[in-house]
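Please read it with the structure open beside you.

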Amino acid sequence: MSPTAVHSMKGAKDPPSKLDFTTFHNVINGKLVPTKKTRHGINPATLEALPEVPVSTPEDVDAAMDAGKAAFKLWRNTPWNERSKAVNAFAEALLEHKAEFAKLLTKEQGKPIPMAENEVDTAYTFLTTFASLQLQEEVMAEDDKKQTIVRYTPLGIVVGIVPWNFPIMLACGKLAPALLTGNSIVIKPSPFTPYCDMKLVELGQRFFPAGVLQILSGDDELGPWLTAHPAPAKISFTGSSATGKKVMESAAKTLKRVTLELGGKDPAIICSDVDIASVAPQIATMAFLNSGQVCLAIKRIYVHAAIYDEFRDAVAAHTRKLVLGNGEAAGVFMGPVQNKMQYEKVSEFFSDVEARKMKIVAGGEAPPADPAKQGGYYIKPTIIDAPPDNSRIAMEEPFGPIVPMMKWDSEEDVIARANDTQMGLGASVWSKDLDQAARIARQLEAGSVWVNTHLEVDPMAPFGGHKESGVGFEFGLGGLKQFCNTQALYMKKKA
Ligand code: NAD
């Protein structure tokens, strides 16, 4: 370890045997490490300050990189089944602490407790599903003189950059494949939601050798320091398309590998034959889940002209029933949006709707400029009726609870409009006629396309975006390969 890196381990201590959900530290080389400077997050439902968390310095980054490099040498040679056992044991421990993690997640992120519990369950499924997989060497050709083998070797240190909408699930979706394939990983949580990720990595110290799984919390400078640092071999990034471009640019300087899971503007195409009473509530739910802060949420609703009015009214009626409130209270469907920046960003869409005099069919009251007036970052779920295709709400991702509904009458037209965007994350088609649905679905430009559902992901299927929604993909055996170098090994049987 360099002298500066050693210095930044000052005050380091071993993780206690019991997780304490009120104090938060960086985890570097197996130790809980404080920083001189600290900052704190805000509970979006109450605007109360949450506990202090570290603000890492470049020296902390160096210390984590030194430890990650040393740990990689050991971990890459640890047999796959031991790495897989460690990931499974970690998954079980996470599940044992489900209630505490869910409570903390609701406090920092804002989602209702049942959805926070669901996030822990999904993270568990990711961890155990990935741990059930194994990359094998593949024999590509063989005769009595030679054998050609394809091998998958780990990359080195991976940096996992996580956004604020699903901090537990998305951190687990990165750390499991990275660790199973023999890499070490440094997690960088969003400054808006560092708490659960810090406890997650602290918990991991029970199962992984020092330096294999680390976390650095910080402010807006930390991400760029990590992507520019020469040590990491890969950046696994989930966040907005705008930041993804910066990450790729920075990573290019040292030719780091990147996986970029970015923004979306998912269309849902509703055909004329759907059962309105059952489909309309599903559409509202999948548009407003997590207050619309889901990369794969429905963000444009295209409804066939023959049923437009009736379908719109049914979605609006269901939307009005969705309970908005503090996620800690029972019966709440959606909490506040997660942070001030997001609150202001979504508010701009309301201003544009108002300025352009668009029609609102549910919700619609612009949130007050000062969120303190309502005690939190609350925004009512809102549907905009038939906005112009070139309006902001029809084209951009608000990442909040405001969704446009538009009319279509020819398949060709709706497919062209659904594809007329730089985003390509998800898309869905809803119809009783599976031939029609499949015909439309196969023409949609998106990484995940559904018929008669949306948002459902299978950890065995590749998950990624087309166009500006991403580069590379995660999940399944292919996702594991994205954390590896490929090697062709040519074996001549006689020297
Ligand atoms: P964001 O891009 O602002 O931040 C994501 C992460 O990147 C945070 O940890 C942030 O601190 C870090 N970061 C910011 N600037 C950086 C830089 N220059 N270099 C390195 N790291 C930097 O995104 P967000 O607002 O946290 O998340 C919302 C966005 O994420 C939405 O667009 C949403 O659609 C997208 N998202 C995509 C997926 C997916 O799997 N495709 C999943 C969830 C969210």
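This is a predicted model: local features need pLDDT of at least 70, side-chain atom pairs count only at pLDDT 80 or more; totals for chains, interfaces and linings use all residues.

1. Residues are numbered from 1 along each chain as its sequence is written, and side-chain values use heavy atoms, with hydrogens and water left out.

2. Where does Glu 261 lie? Glu 261 is in strand S11 (residues 257–261), where helices (H or I, at least four residues) and strands (E, at least two) are DSSP runs numbered from the N terminus. Glu 261 is buried, with a relative accessible area of 3%; buried means under 20% relative accessible area, exposed over 50%, and partly exposed in between, with a 1.4 Å probe and protein chains only. Not counting residues up to four places away in sequence, Glu 261 touches Phe 237, Thr 238, Gly 239, Phe 463, Gly 464, Gly 465, Ser 469, Phe 473 and Glu 474, contact being heavy atoms within 4.5 Å.

3. Over residues 37–488 the chain is 40% helix and 19% strand, and the end C-alpha atoms are 48 Å apart. The protein chain is divided into domain 1 (26–262 + 469–489) and domain 2 (267–451), with bounds that come from an automatic or database domain assignment. The centres of the two domains, taken over C-alpha atoms, are separated by 31 Å, and 23 residues of domain 1 are in contact with 29 residues of domain 2.

4. The largest nonpolar core has 96 residues, and those with the most contacts inside it are Phe 101, Ile 270 and Phe 311; such a core is a set of buried Ala, Val, Leu, Ile, Met, Phe, Trp, Tyr and Cys residues joined through side-chain atoms within 4.5 Å. Helix H6 (residues 167–180) gives the most to this core, with ten residues, and the core draws at least three residues from each of domain 1 and domain 2. Apart from it lies another core, of 22 residues, among them Ile 28, Ile 161, Ile 235 and Leu 262.

5. Ile 161, one of the residues of that other core, lies in strand S7 (residues 157–161) and counts as buried at 6% relative accessibility. Leaving aside neighbours within four places in sequence, Ile 161 is in contact with residues including Lys 174, Lys 188, Thr 227 and Ile 235. Ile 161 and Thr 227 are 66 residues apart in sequence and 9.5 Å apart in space, C-alpha to C-alpha.

6. Seven strands form an open sheet in the order S14-S15-S16-S13-S12-S17-S18, with mixed pairing; two strands pair if DSSP finds at least two bridges between them. The edge strands are S14 (359–362) and S18 (448–451), each of which pairs on one side only. Three bridges join S12 (residues 267–270) to S17 (residues 426–430), which run parallel, and the bridge partner of Ile 269 in S17 is Val 429.

7. How is S16 placed in this sheet? Six of the seven residues of S16 are buried, so this strand is largely enclosed by the rest of the structure. S16 pairs in the parallel sense over four bridges with S13, and likewise over four bridges with S15. His 304 stands opposite Trp 408 in S16, while the bridge partner of Asp 385 in S16 is Met 405.

8. Phi of Lys 357 is near 50 degrees, a positive value in a residue other than glycine; Lys 357 is in the loop between helix H12 (340–355) and S14 and counts as exposed at 73% relative accessibility. Phi of Leu 455 is near 75 degrees, also a positive value in a residue other than glycine, but Leu 455, in the loop between S18 and strand S19 (470–471), is buried with a relative accessible area of 18%.
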